[in-house]
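Hi everyone, thanks for having me. I'll take you through a structure with a couple of chains and then look at where they touch. Here it is on the screen.

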Amino acid sequence: MTTSRPTLLMMPALAWLIGLMVVPCGLVLALAFFQRGIYGGVDYTFTLENFAKVVDPLYAGIFLNSARIAGTATLIAVVIGYAAAYAIASCRRSLQPVLLFFAVLPFWSNYLIRTYAWIVLLNREGLVTQMLRWFGYTGEPPSMLYTEGAVIAGLVYNYLPFVILACYAPLSRLNPELAEASRDLGGSAFTTFRRIILPLTMPGIAAGAVFVFVLSIGNFVTPALLGGGRFQMIGNLVYDQFLTANDWPFGAALAAALIAIMMLLLLVQGYASDRASTRSAPVREDA
Amino acid sequence: MSRPVLEIDQVSKRFGTLTAVDGVSLSIRENEFFALLGPSGCGKTTLLRMLAGFETPTGGRILLDGADVSRVPPNRRPVNLMFQSYALFPHMSVRANIAYGLEMEGRPSAEIRKRVDDMLATTQLGGLAERKPDQLSGGQKQRVALARALIKRPRVLLLDEPLGALDKKLRGDMQIELKRLQHEVGITFIVVTHDQEEALVMADRMAVLRDGRLLQCDTPHAVYEHPADAFVAGFIGVMNFAAGMIAGQGVAVRDGSIIAGALPEGMEQGAAALAAIRPERIVLFPDEETANRTTGRIEALAYHGLDLQLHVRTPLADKPFLVRITADTADRRPLAVGDPVELGWSATDTRIFRN
């Protein structure tokens with residue numbers, strides 16, 4: 001048998017993906033079609049009951065709540081991240097890599113540690129309260145930790161670098177003469193942004209937004225630590241089903257639904273950016 | 001003489017310690033095709049960007065129809081710029097690109113549609129209205145950029161190296177096309193170029209800049225025939241130079257002979273000078289007595305179809321002289337590399353510059 005070199009080179013990555021990605025996902029999906037055993041475990045009898053439960057208003061509500069929290073975090077991250085990327089792209093060329101390096105620097109520390117740091121900041125006698133005191137605030141310490149706001153802050157903080165990187169790429173490639181041309185033709189600074197700069201950098205915004213949303217909606221560490229278990233997101237629910245309620249088939253059905261949502265979003269984004277790039281693919285000058 | 005539409009009054013621009021434009025004054029008339037010419041780094045693009053409003057002068061004033069616009073932002077100036085890169089909006093069709101400037105003025109959509117259609121016809125872009133810029137050739141992009149700026153009916157249209165991105169053949173056609181369009185729309189054009197031939201062909205008047213300073217401003221004919229200094233003489237067209245010093249009514253050159261010419265005002269005897277002669281002013285084997293005469297040997301022959309260029313080694317200068325003769329002169333007397341030749345030219349065709 002002859003195997004071509006590209007196939008051989010692809011083998012390790014392929015094995016990795018199949019063994020650690022496709023197979024586990026398949027197992028999770030398969031599990032979702034069985035019944036829960038009476039004393040936990042799995043009773044291997046086929047049922048669609050788990051999926052029916054997923055769309056039950058109680059659980060569908062948690063899906064919607066997760067989507068709302070993830071959506072809010074995405075919106076805030078996109079606004080802050082785009083502004084930061086715009087500022088970086090407007091700096092002089094030699095400074096830009098340095099600023100980008102600082103933007104992604106938090107990635108060098110552990111996600112859990114960074115999330116715990118927010119507890120230090122936000123708890124009743126935390127750094128924020130101390131700062132307020134230092135400025136003369138004497139009232140009740142504000143309750144910031146274990147709120148939805150804390151969860152959103154944690155998500156925005158953790159995923160902001162993705163948005164900055166995704167938006168920086170198209171912003172730094174943008175020909176500055178396009179904005180000048182718009183000004184020259186009578187466009188105000190705001191119109192120039194809305195009609196020229198924003199549409200041309202939309203693929204970056206979309207990529208960053210899908211990233212933040214997908215990572216946020218399935219997140220369970222941040223809501224568990226900063227939401228104090230009071231604001232359940234799907235991630236927590238799945239975690240609970242597997243490790244507390246011992247209802248693996250239902251947990252699997254929830255996980256499958258979550259994966260389906262994420263894949264759908266990534267597919268749509270991929271398709272959109274593909275279309276954007278073929279649309280702007282230059283034809284040869286001599287064609 | 002028509003009144004000036006644009007007056008550039010002692011305009012300077014300094015970036016830190018670098019002076020990009022140094023006290024330039026120019027007056028540009030209504031409906032004029034004006035060229036700003038100079039080598040790269042001469043300040044012509046900075047001057048153009050100040051006229052468009054993208055840079056603010058650090059000294060002097062820019063007057064448009066008599067009003068000081070030095071500090072008016074680009075979107076509030078009745079001046080438009082055609083960018084060297086064309087800067088077409090890649091996400092918009094040709095039609096949307098051209099309509100953009102009118103939308104910014106808040107014109108009613110019926111008027112916009114009509115004026116865009118007219119402009120598409122004027123610039124022969126009718127069939128391409130729905131294309132995106134990336135689906136256009138270089139020449140088509142250039143026409144869209146021109147249409148997008150012209151539709152605003154600016155008082156002055158600025159063009160930054162408008163033909164720079166086109167190939168040589170297309171460039172020749174577009175030079176004529178630009179002249180035709182300018183005549184048709186009746187708008188003052190200011191073209192920035194580093195290509196002296198382009199300026200000579202298109203411009204009614206031209207300004208030659210170097211190191212941020214204005215060297216000369218006049219009609220192409222006057223600049224070509226009476227260059228202000230040796231730099232302009234060498235930059236515009238081809239010029240033969242012989243270095244030496246002023247002696248009597250001419251320049252004493254390398255071999256001790258004197259090239260006769262009109263001395264400029266205030267040149268004292270013995271001063272370092274350059275004698276300059278255009279290649280087409282040199283006569284090969286002159287029949288009659290000419291003020292200047294020399295012998296030489298043909299080093300190279302270059303055939304250009306209409307004419308023939310000879311590189312003739314003479315005792316007058318280090319570099320060989322370029323001589324241009326017409327094809328029928330060459331037919332009457334066949335020439336070959338190595339042949340000895342006699343050259344002659346008049347004193348009035350000799351320019352003398354300070355060196």
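A quick definition to start: helices here are DSSP runs of H or I with at least four residues, strands are DSSP runs of E with at least two, and both are numbered from the N terminus. With that, chain B has nine helices and 20 strands. Chain A comes to twelve helices and two strands, and along its sequence the order is α-β-β-α-α-α-α-α-α-α-α-α-α-α.

Some housekeeping. This is a predicted model, so local features need pLDDT of at least 70 and side-chain atom pairs count only at pLDDT 80 or more, while totals for chains, interfaces and linings use all residues. Residues are numbered from 1 along each chain as its sequence is written, and chains are lettered from A and ligands numbered from 1 in the order in which they are written.

Now the extents: the C-alpha trace of chain A spans about 75 × 75 × 35 Å along its principal axes, and that of chain B about 75 × 45 × 40 Å.

What about burial? We call a residue buried if 20 or more other C-beta atoms, placed from the backbone, lie within 10 Å of its own. That covers 30% of the 287 residues in chain A and 41% of the 355 residues in chain B.

Finally, where do the chains meet? Contact means C-beta atoms, placed from the backbone, within 7 Å. Chain A brings 20 residues and chain B brings 22 residues. On chain A's side, helix 8 (176–184) and helix 9 (189–217) each supply at least two residues, and helix 8 gives the most, with six residues.

Notes
Two residues are in contact if their C-beta atoms, placed from the backbone, lie within 7 Å. A residue is buried if 20 or more other C-beta atoms lie within 10 Å of its own, exposed if 12 or fewer, and partly exposed in between; C-beta atoms are placed from the backbone.
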